[in-house]
Number of protein chains: 2
Amino acid sequence: MTKMREKKNADADGVGIVQTEFVVFAQPPDELVLESGKRLGPVTLAYEMYGRMNADRSNVILVLHAFSGNAHAAGYHAGEKTPGWWDAMIGPGKAFDTDRYCVLCSNVIGGCGGSTGPSSINPATGKPYALDFPVITIADMVNAQKELIDHLGIKKLFCVAGGSMGGMQALQWVALYPEMVRNAIPIATSLKHSPQQIAFDEVGRQAIMADPDWRRGNYYGHGQPERGLAVARMVGHITYMSDKSMEQKFSRKLKDDNYSFSFAPEFEVEGYLRHRGDTFVKRFDANSYIYITKAMDYYDLSGGRLFPAGTTVSTRFLVIAFESDWLYPAYQSEELVSELKIRHVEGTYCRIESTYGHDAFLLEVEEQTHLIKHFLTAGAERAGQGNA
Amino acid sequence: MTKMREKKNADADGVGIVQTEFVVFAQPPDELVLESGKRLGPVTLAYEMYGRMNADRSNVILVLHAFSGNAHAAGYHAGEKTPGWWDAMIGPGKAFDTDRYCVLCSNVIGGCGGSTGPSSINPATGKPYALDFPVITIADMVNAQKELIDHLGIKKLFCVAGGSMGGMQALQWVALYPEMVRNAIPIATSLKHSPQQIAFDEVGRQAIMADPDWRRGNYYGHGQPERGLAVARMVGHITYMSDKSMEQKFSRKLKDDNYSFSFAPEFEVEGYLRHRGDTFVKRFDANSYIYITKAMDYYDLSGGRLFPAGTTVSTRFLVIAFESDWLYPAYQSEELVSELKIRHVEGTYCRIESTYGHDAFLLEVEEQTHLIKHFLTAGAERAGQGNA
């Protein structure tokens with residue numbers, strides 16, 4: 001997403017120094033069976049934990065990340081100056097209060113944040129999977145996370161929460177394991193990917209695949225298809241911001257006083273996009289871009305799939321959308337809220353005024369903190385965990 | 001733009017068979033002086049005419065095309081089955097009624113529709129200009145059109161009209177030659193390119209420049225940078241449609257019944273975008289994409305530049321915007337309307353309900369026809385041309 005918050009006083013109000021941990025499961029012959037019918041194993045999942053599990057492990061909040069995120073949601077890795085991607089929201093006294101709850105952030109399979117993905121070594125060949133990695137879905141990501149939750153001995157999650165693709169995983173958790181989720185906070189997300197969302201993803205994939213350095217996915221050892229991946233990311237960044245936030249941030253400001261009458265970047269917005277594209281290719285795997293966008297495009301919990309017939313759902317929902325988010329517009333959250341009402345599921349809906357566009361779930365800290373704290377406290381009281 | 005209207009009964013209600021004509025001017029040493037200070041000459045401009053000029057040449061409507069358009073606005077070229085890009089709007093009894101008016105459509109310099117552009121032969125080298133073509137602006141396009149209007153012996157245009165970049169040219173005509181424009185119809189356009197509009201253009205340029213086949217612009221004789229140009233066009237098409245029109249047209253429909261669990265195009269929207277990209281590269285020059293988007297990005301008639309101080313403006317305006325157009329949102333047309341009010345310039349503003357997005361200026365024929373006919377008739381009566 002557009003920007004990580006740089007914290008002024010590192011650690012003063014945060015979770016401090018943290019490290020990513022890993023669990024390995026689905027060892028052959030007990031591989032993870034995917035939605036496609038294919039099997040994947042062994043599977044490594046990267047995760048981080050902040051705060052402590054209580055005795056009955058009933059205070060765990062599973063935080064799920066967006067498209068290009070990773071397990072490092074809060075605190076600092078030793079020697080690094082940038083905190084985790086939701087550090088403003090996770091910590092003592094923050095929205096996800098680590099004095100009360102144990103916050104767990106799990107990476108997704110298919111990515112490049114330490115979990116098994118297309119850049120991992122395929123045990124069958126000893127080389128990176130590349131396109132031999134099976135196509136995965138949001139449900140496959142969640143089924144892998146279920147293994148982690150079992151591994152940690154957690155019977156029931158106090159809450160699942162996330163923005164964007166993190167919200168899709170939160171909803172997928174409810175769809176697959178409703179009895180394991182007390183509370184759910186899907187933010188700036190949808191019940192399904194719309195054709196416009198699919199179209200933006202497809203453009204990103206095509207930009208990568210058009211780059212000859214992509215080599216049909218077999219670029220490991222040769223260097224990334226950097227140009228195509230940068231173009232994909234630039235398109236993404238436009239969709240994460242809003243027309244208004246771009247106007248506020250860049251307007252028509254030039255780097256120099258006058259038009260260059262050349263094709264060098266001269267508008268500030270051009271320089272910003274190129275910079276974002278260039279830094280992204282240093283941290284993100286092009287094949288992961290392709291696999292994870294495809295997982296989002298397949299995602300569809302509309303038409304009753306969120307609450308399959310016959311399931312009893314006692315999960316409480318806090319649904320949050322942002323006014324200027326045109327990538328995951330508020331009407332999509334409202335479709336989710338309608339499903340809750342039809343099934344008499346308890347839910348609160350908040351449409352927050354913001355000019356930040358889709359990035360708002362990372363940037364609108366104050367209002368989200370207020371809503372989430374209140375929602376979680378009420379949920380803890382309900383569960384008899386007032387002093388959890 | 002997204003689709004050309006295929007006419008059911010060719011010629012039954014249209015202007016019939018037409019052909020593109022050409023004028024050459026700015027012969028050295030009298031080159032066209034560009035906004036950058038550079039000079040360009042000789043300059044060829046392609047144009048088409050439908051209907052007849054009256055004796056005093058006072059009934060000419062100059063129609064201006066959008067980004068990827070050309071001079072062929074109406075009727076059929078011999079042997080072709082697709083009419084001009086605004087055929088639904090130009091012809092006997094249509095919005096731009098060729099029984100009353102002489103409709104002239106001028107191509108722009110910088111493009112690849114027969115006028116001088118980067119793919120033209122540079123007389124200094126005997127080879128295509130490529131990046132030696134000077135960077136041009138919307139004002140340069142209009143100054144070239146002024147030469148055409150002079151060449152045709154037209155002292156005053158009855159109307160200038162166009163959508164998108166065509167609307168920018170219409171407004172630029174008023175800014176440069178207010179005394180020559182009786183009526184102006186800017187549609188789905190803006191007084192300036194916003195940072196979001198610049199950003200989408202920059203992504204398209206970067207996609208082209210990232211393609212090694214672009215060869216820093218020197219691809220003539222080698223073949224186009226087709227992959228990069230196709231990606232640029234795919235991004236464009238998303239911006240021309242609306243979230244809603246994509247939902248209506250594609251929803252999540254698949255080509256086959258089930259997910260393929262592969263990266264082949266399977267959602268209909270994916271197939272559509274790839275098809276649009278593939279056909280575009282056969283008709284449009286990649287360097288023209290770069291030059292014309294840059295001209296749009298430089299375009300800025302805000303802050304009083306539309307009506308420079310001291311000019312007297314008697315031009316009447318009909319400003320049209322569309323509800324679902326998020327590429328050139330209605331608020332941009334409303335900024336234009338504010339400028340008209342501030343300067344006491346006569347103007348009518350219509351915000352048309354439509355789900356077509358930016359493409360609406362090509363597709364919402366009925367409502368536009370009603371508005372434009374009425375506006376032009378009132379303008380003709382005002383000018384004493386009731387029987388023009």
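Modeller: Gladly; what follows is a set of questions and answers about this predicted model.

Colleague: Let's begin with helix packing: how are H4(A) and H6(A) oriented to each other?

Modeller: Helix H4 of chain A covers residues 226–240 and helix H6 of chain A covers residues 268–283, and their axes come within 8 Å. They cross at roughly 125°. That angle makes the arrangement of H4(A) and H6(A) oblique.

Colleague: Thanks! What is the handedness of the crossing of H4(A) and H6(A), and how many charged residues are in their contact?

Modeller: H4(A) and H6(A) cross in a right-handed way. On the H4(A) side the contact includes A:Glu226, A:Arg233 and A:His237, while H6(A) brings residues including A:Arg276, A:Asp278 and A:Phe280. Sorted by class, the contact of H4(A) with H6(A) has 7 nonpolar residues, 2 polar and, for the class you asked about, 4 charged.

Colleague: Which helix gives the most to the side of chain A that touches chain B?

Modeller: The contact takes 43 residues from chain A and 43 residues from chain B. H3, H4, H5, H6 and H7 of chain A each supply at least two residues of the chain A side. That side has 24 nonpolar, 7 polar and 12 charged residues. The top contributor, with 10 residues, is H3(A).

Colleague: Within chain B, are H3(B) and H4(B) roughly parallel or roughly antiparallel?

Modeller: Their axes lie 7 Å apart at an angle of about 160°. Angles over 145 degrees fall in the antiparallel class. H3(B) and H4(B) are therefore roughly antiparallel.

Colleague: And how many charged residues does the contact of H3(B) with H4(B) have?

Modeller: H3(B) passes H4(B) in a right-handed crossing. The contact residues include B:Phe200, B:Val203 and B:Gly204 of H3(B), and B:Gly228, B:Leu229 and B:Val231 of H4(B). By class there are 9 nonpolar residues, 4 polar and, as for charged ones, none.

Colleague: On to the core: which residues have the most contacts inside the largest nonpolar core?

Modeller: That core has 248 residues. The residues with the most contacts inside the core are A:Ile61, A:Val63, B:Ile61 and B:Val63.

Colleague: Is A:Phe317 buried or exposed?

Modeller: A:Phe317 lies in strand S13 of chain A, residues 316–322. Among the residues it touches are A:Ala184, A:Leu340 and A:Val345. There are 23 other C-beta atoms within 10 Å of A:Phe317, and the cut-off is 20 or more, so the residue counts as buried.

Colleague: Last one: how far apart are the C-alpha atoms of B:Thr377 and B:Arg100?

Modeller: B:Thr377 sits in helix H10 of chain B, residues 365–382. With 15 C-beta neighbours inside 10 Å, B:Thr377 is partly exposed. B:Thr377 and B:Arg100 are 277 residues apart along the chain, and their C-alpha atoms are separated by 9.7 Å.

Definitions and conventions:
Residues numbered from 1 in each chain as written. Chains lettered and ligands numbered in written order. Predicted model: local features only at pLDDT ≥ 70, side-chain atom pairs only at ≥ 80, totals over all residues. Axes fitted to C-alpha atoms, helices over the stretch in contact; angles between N-to-C directions. Helix = DSSP H or I, 4+ residues; strand = E, 2+ residues; numbered from the N terminus. Parallel < 35°, antiparallel > 145°, perpendicular 65-115°, else oblique. Left-handed = near helix turned anticlockwise from the far one by under 90°. Contact = placed C-beta atoms within 7 Å. Nonpolar A, V, L, I, M, F, W, Y, C, P; charged D, E, K, R; others polar. Core = buried A, V, L, I, M, F, W, Y, C linked by C-beta atoms within 7 Å. Buried ≥ 20, exposed ≤ 12 C-beta atoms within 10 Å, placed from the backbone. Lists of a residue's contacts leave out its neighbours within four places in sequence.
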